Amino acid sequence: MYFTNRYYKQANKICATERQKDHSVIMAFSGKWTVSSFEGLKAVADAFGVDEAKRDPAMLNGATVEIKQDGDNLTFTATGGLGKTGTHSMTVGQPSEGIMAFSGKWTVSSFEGLKEVAEAFGVDVSKRDPAMLKGATLEIKQDGDTLTYTTTGGLGRTGTHTMTVGQQSEGELFGKVYSATTEWDGDTIVSKGQSGLVLRRVITSKMAFNGKWTVSGFEGLNDVLDAFGVDASHRDPAKLQGATVEIKQDGDNFTFTTTGGLGKSGSHTMTVGGPSEGELFGKAYSGTTAWDGDTVVFTGKSGVVLKRSIEGANLVYTVEYGGKTGKVTFSK
């Protein structure tokens, strides 16, 4: 598949041999690219078992992908074509995911406006109290456009059902059975019911911290450790390999359970907007926390700044101190 960059107006095909000859080629991905030609895709789509409705490569004509590259870190924003419109990030040499972010076990942490919706939807009074959702869980297993939901508690029916985005879907909401068509809208799954009901499922980065994460990469830590005055026995970033952090998030409330790595193994809790204490690289810290968009930012009294963010399918810790910046990347 070939893309034309709107700035350079030329077709580009970057291959491994080019990368080996000239390291600068690696940095040439940035820009907005428009599909200009393709070959052999229909046969690949056939072999890959792609749905017939999405098998025509001609759909790629006019599709664009905008790439922002910072070394091995790339962010892709796609429009049109055979893929899903939206944005995802990846780091070369680490696991990469696109639309697979729904998988996992989720617990209801908050809700708003449901009582009015349940009333308008004609829900039985006995099932109209949104407080029944507290503690309800939803486990999702996603394989591309196919999602299997297992629900417990709450206003819906306990059990398992499967749906495929782009096809008719049936389920139960607030005790009422519904049938709907489903489609992607960016990173959101939209179900439109025959009754006029619209149900949107979306993963927001601000709520995506839950889960068990394992260190998969790091960069620039030696400089930060040096500036931070970390003891030599705690200064080897390689000790992070295999370290894990399990996060349980309930709105602004987080519980972190860490094993291995340069910090202290164990659990601690923090509430965004309040004070926080812990240990980083073997040194105790205290400070305050706040949201900056979808990023949790800890600002220490010593001047250290720790940012926790979700980038694509990864959890990223960014540590800033003394004009130095280091990053630790985690994957599930």
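**Salt bridges, sheets and core of the predicted chain**

Glutamate 183 and lysine 192 form a salt bridge in which the closest N and O atoms are 3.5 Å apart; a salt bridge is defined as a side-chain nitrogen of Lys or Arg within 4 Å of a carboxyl oxygen of Asp or Glu. The structure is a predicted model, in which local features need pLDDT of at least 70, side-chain atom pairs count only at pLDDT 80 or more, and totals for chains, interfaces and linings use all residues. Residues are numbered from 1 along each chain as its sequence is written, and side-chain values use heavy atoms, with hydrogens and water left out.

Glutamate 183 is partly exposed at 38% relative accessibility, and lysine 192 is likewise partly exposed, at 42%. Here buried denotes under 20% relative accessible area, exposed over 50%, and partly exposed the range in between, with a 1.4 Å probe and protein chains only. A search of the whole structure finds three salt bridges. Another of them joins arginine 200 to aspartate 185, with the closest N and O atoms 3.8 Å apart. This pair links distant parts of the chain, since arginine 200 belongs to strand S14 (residues 198-202) and aspartate 185 to strand S12 (residues 176-185), 15 residues apart. Arginine 200 is exposed, with a relative accessible area of 53%, whereas aspartate 185 is partly exposed at 46%. A further salt bridge is formed by lysine 307 and glutamate 320, whose closest N and O atoms are 3.3 Å apart. Because lysine 307 lies in strand S22 and glutamate 320 in strand S23, the pair ties together parts that are 13 residues apart in sequence. Both partners are partly exposed: the relative accessible area is 28% for lysine 307 and 25% for glutamate 320.

The secondary structure of the chain comprises four helices and 24 strands. Buried residues account for 33% of the 332 residues in the chain. The chain exposes about 18300 Å², of which carbon and sulfur atoms supply 50%; accessible areas come from the Shrake-Rupley method with a 1.4 Å probe, and for residues only the protein chains shown count as cover. Of the contacts (heavy atoms within 4.5 Å) between residues at least 6 apart in sequence, 43% join residues at least 24 apart.

An open sheet of ten strands is arranged in the order S18-S17-S16-S15-S24-S23-S22-S21-S20-S19, with antiparallel pairing. Its edge strands are S18 (266-271) and S19 (275-280), each of which pairs on one side only. The twist averages 30° from one strand to the next. Two strands are taken to pair if DSSP finds at least two bridges between them. Strand S15 (residues 211-219) and strand S24 (residues 324-331) run antiparallel and are joined by five bridges; the bridge partner of valine 215 in S24 is phenylalanine 330. Helix H4 (residues 221-228) lies across S15, S19, strand S20 (283-292), strand S23 (314-321) and S24, and runs at about 125° to S24. Axes are lines fitted to C-alpha atoms, for helices over the stretch in contact, and angles run from 0 to 180 degrees between N-to-C directions.

Threonine 295 lies in strand S21 (residues 295-300) and is buried, with a relative accessible area of 18%. Apart from neighbours within four places in sequence, threonine 295 contacts Ala290, Lys307, Arg308 and Ser309.

The largest nonpolar core contains 30 residues, and those with the most contacts inside it are Val245, Ile247, Phe254, Phe281, Leu315, Tyr317 and Phe330. Such a core is a set of buried Ala, Val, Leu, Ile, Met, Phe, Trp, Tyr and Cys residues joined through side-chain atoms within 4.5 Å. Two or more residues are given to this core by each of S15, H4, strand S16 (244-250), strand S17 (253-259), S21, strand S22 (305-311), S23 and S24. Helix H4 supplies the largest share of this core, four residues. Leaving aside neighbours within four places in sequence, leucine 315 is in contact with Phe209, Trp213, Val245, Ile247, Ser309, Ile310, Val328, Thr329 and Phe330.

An open sheet of four strands has the order S7-S8-S9-S10, also with antiparallel pairing. Strands S7 (104-107) and S10 (159-164) stand at its edges with a single partner strand each, so one side of each is left without a neighbour in the sheet. The twist averages 20° from one strand to the next. Within this sheet, seven bridges pair S8 (residues 137-143) with S9 (residues 146-152) in the antiparallel sense, and leucine 138 stands opposite threonine 151 in S9.
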